[in-house]
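Hello,

Here is the structure I said I would pass on to you. Please have a look, and then read on for what I found in it.

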Amino acid sequence: MPEAKLDVAGCGSMVVDLFYRTPRIIGGEEKIVLQAHGPDASMERALVGGLTLNHLGWARVLGLETGIFGKMGDDRHGELLREGMDRLGIRHHLTFDGSASSFATVFVDSAGNRAIYMARGATGELTPAEVRTRHGAFIRRAQIVTTEISQLPLPTVIAILLYARTHSIPTVLDFDVPPRDAVPTLGTRRELERALKLATILKPAKAAARALIGGSREVLKMAEAMRARYGSRAVIITDGERGCAIAAKGASIRVPAFRAKTVDTTGAGDAFLGGVLAGLRWGLGWKQLGRLANAAGAVCVSRLGAFPSGFEVREEIFDYFGEVPEAARDAASSPSSGARGASASDYESDVERFFEESLAELHTVKDEIDVHAITKAAEMIRAAEKAGGRLHLTGVGKPEHVARYAASLFCSIGTPATFLHATETLHGSLGQVHRRDLVIAISNSGNSRELLEAATAVKEHGAQLIAVTGTRDSELARLADLTIAATVRSEGGGLGLAPRASVLAQAYVLAGLSVALEVARGLTAQEYSQLHRAGSLGDAARRLIRGRAGARK
């Protein structure tokens, strides 16, 4: 059964919040007596929290399938966090090799104002390499990826954003701390700027936006300035009791807040972001998205703690919002019982993502291709022809079919070429190859044993070898007289294993080689027509000839 799809996967702070009641928030060198939480006279209350886990929790109770990935400690705080995730059905992809699970001490006064002191723990220990190697498959299941600038190292944030971009997954970045707190604690200023530019949507805290942009204190102007500076699809800034400001393409708006009795503002921004994520997945317009996010924030501030208590708050959010959005009506309203098969909508989104991803891969191939290597290959093929040699193409697995296609294509533009069966080469078909010949060997990894044995035999037989491979430092590349790189970073699809983008890249560069051969030969429409005696291509060539003849009269 396929892995269940995720609407949102997030990485960042997952924290046990240790709450304390205080008459007021005190300054330096002051002391104050804490208050009890309630009739039980408890002084401390431990609740699930953390920027990322909180907003995933609020998105979950709104009906989205959410998941979190990262690192935590194998300790009691980690157990409490996982219990909270499981209670709402938030999937988790975690390692337990961190020093300690993150926690925060939160002091809340009677007006709901708070002071928070955080211990990053394992959250701050996640490395960029671990993002790819440990969590890559989990990230690829998501339709949106979220992360934060609060506790994660900035190089790790960049790795998450880059990995999502490589796989054509939009990202939302919660920029929660001012630059002076992010730099140098989390990384360098250059890394901060790069992270902000990589995110699809920015959700900065008002204080962070003001410190970053300077100038105007009006949140909408700050949002517009940040969008212009970083090229974001949208910038969304919360403004407390005044609601939020959204700057996006075709929209520059303020959305007023709902009135609510404030008990604790600790997680208001996180609940707000949960509403943003739901609005994005449901395709709401920016104004409606802002209203939904404000509604989630209003429900959050009316209770203690930043993490939603359960699915009952969903109805409270929709009461503020005024309706249940149509796209939300079929959303889950209780924890999932486990992995489910993919629905038709999952297939459609995966297909759309594959098309976007493969086009991005081909764009990268175009940017990185060594055109000189292609023209050099054309010269080698032409020189082999003049010396009485022939061209052969070979590959194993899916590249075998690419080799057959390329041989046929080359023949059609006047360069004789034959397919060479790699395995059969070791069982007598090597006699097909003469020492004056040239062989093009195709392999994504460049380390396929069967192909390497065939390529070695070709070289020992005295023929020249050109490699078309996705791995520049492969065994095949080292054997070859010339290498043409066709490198892709992702194959696309659910597992990302089946050769898709790599096959497209191989066909792409070989089609480019065919252009070089056609132009070098000076192929005429008359010659092309003679090679295509039937079919629409031959007819098109003959019409071209007649049109040119008519133009000369």
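Contacts between residues 24 or more positions apart make up 72% of those in the protein chain with a separation of 6 or more. Please keep in mind that this is a predicted model. The protein chain has 553 residues, of which 52% count as buried. Its secondary structure comes to 20 helices and 18 strands, and the C-alpha trace spans about 95 × 60 × 45 Å along its principal axes.

As you know, two packed helices are described by the angle between their axes and the distance between the axes.

Let me begin with α14 and α18. Helix α14 (residues 398-412) packs with helix α18 (residues 501-521) at an angle of about 20°, and their axes are 10 Å apart. Angles under 35 degrees count as roughly parallel, so α14 and α18 are roughly parallel to each other. Their crossing is right-handed. On the α14 side the contact is made by K398, P399, V402, Y405, A406, L409 and F410, and on the α18 side by V503, Q506, A507, L510, A511, L513, S514 and L517. Sorted by class, this contact of α14 with α18 has 12 nonpolar, 2 polar and 1 charged residues.

Each of these two helices also has some details of its own. In α14, the buried residues are P399, E400, V402, A403, A406, A407, L409, F410 and S412. They pack against β14 (391-395), β15 (417-419), β16 (438-443), α18 and α19 (525-531). The length of α14 agrees with expectation, because its 15 residues should span 21 Å at 1.5 Å a residue and its end C-alpha atoms are 22 Å apart. Just after α14 comes G414, with a positive phi of about 90°.

For α18, the buried residues are A501, S502, A505, Q506, V509, L510, L513, S514, A516 and L517. The 21 residues of α18 should span 30 Å at 1.5 Å a residue, and the end C-alpha atoms are 30 Å apart, so the two values agree. G522 follows α18, and its phi is positive, near 70°.

While you are in that part of the chain, have a look at Q526, which is found in helix α19. With a relative accessibility of 40%, Q526 counts as partly exposed. Its C-alpha is 6.8 Å from that of I545, and Q526 and I545 are 19 residues apart in sequence.

The next pair is α9 and α10. Helix α9 and helix α10 (residues 286-301) pack at an angle of about 145°, with 7 Å between their axes, and the crossing is right-handed. From α9 the contact takes in A268, A271, F272, G275, V276, A278, G279, L280 and W282, and from α10 it takes in W286, L289, G290, L292, A293, N294, A296, G297, C300 and V301. These residues of the contact of α9 with α10 divide into 14 nonpolar, 5 polar and no charged.

Is L277 buried or exposed? L277 sits in helix α9 (residues 268-282), and it counts as buried because its relative accessibility is 0%. Leaving aside residues up to four places away in sequence, L277 touches V8, H55, A59, L64, I144, T146 and V172. L277 and L56 are 221 residues apart in sequence, yet 8.7 Å apart in space, C-alpha to C-alpha.

A328 is another residue to look up, in the loop between α11 (313-321) and α12 (344-368). A328 counts as buried, because its relative accessibility is 0%. Not counting residues up to four places away in sequence, A328 touches W282, R314 and F318. Between A328 and R281 there are 9.4 Å in space, C-alpha to C-alpha, and the two are 47 residues apart in sequence.

Finally, there is the pair of α3 and α4. The axes of helix α3 (residues 128-139) and helix α4 (residues 154-166) come within 10 Å and cross at roughly 35°, and α3 passes α4 in a right-handed crossing. P128, V131, R132, G136, A137 and I139 of α3 make the contact with P155, T156, A159, I160 and Y163 of α4. By class, that contact of α3 with α4 has 8 nonpolar, 2 polar and 1 charged residues.

Best wishes

Technical notes
Residues numbered from 1 in each chain as written. Predicted model: local features only at pLDDT ≥ 70, side-chain atom pairs only at ≥ 80, totals over all residues. Heavy atoms only, no water. Helix = DSSP H or I, 4+ residues; strand = E, 2+ residues; numbered from the N terminus. Buried < 20%, exposed > 50% of the residue type's maximum accessible area, 1.4 Å probe, protein only. Contact = heavy atoms within 4.5 Å. Axes fitted to C-alpha atoms, helices over the stretch in contact; angles between N-to-C directions. Parallel < 35°, antiparallel > 145°, perpendicular 65-115°, else oblique. Left-handed = near helix turned anticlockwise from the far one by under 90°. Nonpolar A, V, L, I, M, F, W, Y, C, P; charged D, E, K, R; others polar. Expected span 1.5 Å × (residues − 1).
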